[in-house]
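User: Please go through the salt bridges and strand pairing of the model shown here.

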Amino acid sequence: MQNFGRFLGILFIIAITLIGFLGRKYLLLATGHNALTYCSCHFVSEREDCLEKDLLKFSYLDREIDIDKKEVKASCYGFLERVAFFREGLGCTLLPKGESDFTPINSTFTQTQPFDSTIFPLGDSLQVVREDTNINYGLLDAVIKHYFTEPNLNLKRETRTVMVYHKGKLIAAKFKSGFTPFTKQLGWSMSKSITASMAGLMIQD
């Protein structure tokens with residue numbers, strides 16, 4: 001019986017260790033995600049609804065924003081703090097865990113580009129063109145409208161922007177209220193895929 005009790009005690013210690021290890025990794029990911037998302041949402045997208053729309057499920061975390069320093073800190077009751085900071089032209093950067101300072105670097109992308117009246121994608125002017133008779137535009141509009149609805153309030157789609165580009169022309173575009181064609185948004189892995197595709201096309205050309 002005594003050996004069995006020791007066995008249970010060892011299992012309990014192992015379980016607590018695993019929970020602590022995995023919990024720490026999760027919280028570091030959560031605080032890092034919050035710091036970067038809040039920083040990007042506020043300083044890059046210039047939106048004021050970040051906490052209500054993007055980070056509502058992380059209400060147990062503490063977030064602190066410094067407008068003057070353009071910096072966001074996120075932690076779990078003061079522990080496992082992560083820091084993200086904004087640099088003009090470069091966006092927000094998440095510092096490695098445990099670090100709270102960074103070395104400024106010069107950027108050639110800090111100048112704001114003027115509006116280019118050239119038609120998208122070469123410029124900023126959005127002109128929807130529907131000349132292809134092989135496309136069912138009514139069905140296309142219905143599909144896009146469907147993904148802007150919220151049939152499940154517990155698992156929202158939160159669709160913000162849909163743009164359909166086909167054979168060199170923009171054939172459909174729809175934006176959620178509060179978003180415009182010029183609202184900067186986090187692209188996450190989509191950004192990497194699009195950038196790699198654009199680089200490949202440039203090399204081919």
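User: How does Arg130 count by its relative accessibility, buried or exposed, or in between?
Analyst: This is a predicted model, in which local features need pLDDT of at least 70 and side-chain atom pairs count only at pLDDT 80 or more, while totals for chains, interfaces and linings use all residues. Residues are numbered from 1 along each chain as its sequence is written, and side-chain values use heavy atoms, with hydrogens and water left out. Buried means under 20% relative accessible area and exposed over 50%, with partly exposed in between (1.4 Å probe, protein chains only). Arg130 has 36% relative accessibility, so the residue counts as partly exposed.

User: Which residue meets the side chain of Arg130 in a salt bridge?
Analyst: A salt bridge requires a side-chain nitrogen of Lys or Arg within 4 Å of a carboxyl oxygen of Asp or Glu. For Arg130 the N to O distance is 2.6 Å, and the partner is Asp141. This pair links distant parts of the chain, 11 residues apart, with Arg130 in the loop between S4 and H3 and the partner in helix H3. Helices (H or I, at least four residues) and strands (E, at least two) are DSSP runs, numbered from the N terminus. At 34% relative accessibility, the partner is partly exposed too; its name is Asp141.

User: Which residues are linked with Arg47 in a network of salt bridges?
Analyst: Asp49 forms a salt bridge with Arg47, the closest N and O atoms being 3.0 Å apart. Arg47 is buried at 8% relative accessibility, whereas Asp49 is partly exposed at 25%. Asp54 and Arg160 also meet in a salt bridge, at 3.2 Å from N to O, and that pair is 106 residues apart, Asp54 in the loop between helix H2 (50-53) and S1, Arg160 in the loop between H3 and S5. The network links Arg47 with Asp49, Asp54 and Arg160.

User: Which strands stand at the edges of the open sheet?
Analyst: The sheet has 4 strands in the order S1-S2-S3-S4, with antiparallel pairing; two strands pair if DSSP finds at least two bridges between them. An edge strand has a single partner strand, so one side of each is left without a neighbour in the sheet: these are S1 (62-66) and S4 (91-94).

User: Which residue is the bridge partner of Thr161 in S6?
Analyst: S5 (161-166) and S6 (residues 169-175) run antiparallel and are joined by 6 bridges. They form a hairpin with 2 residues between them, and Lys167 in the turn has a positive phi of about 55 degrees. In S6, Thr161 is paired with Phe175.
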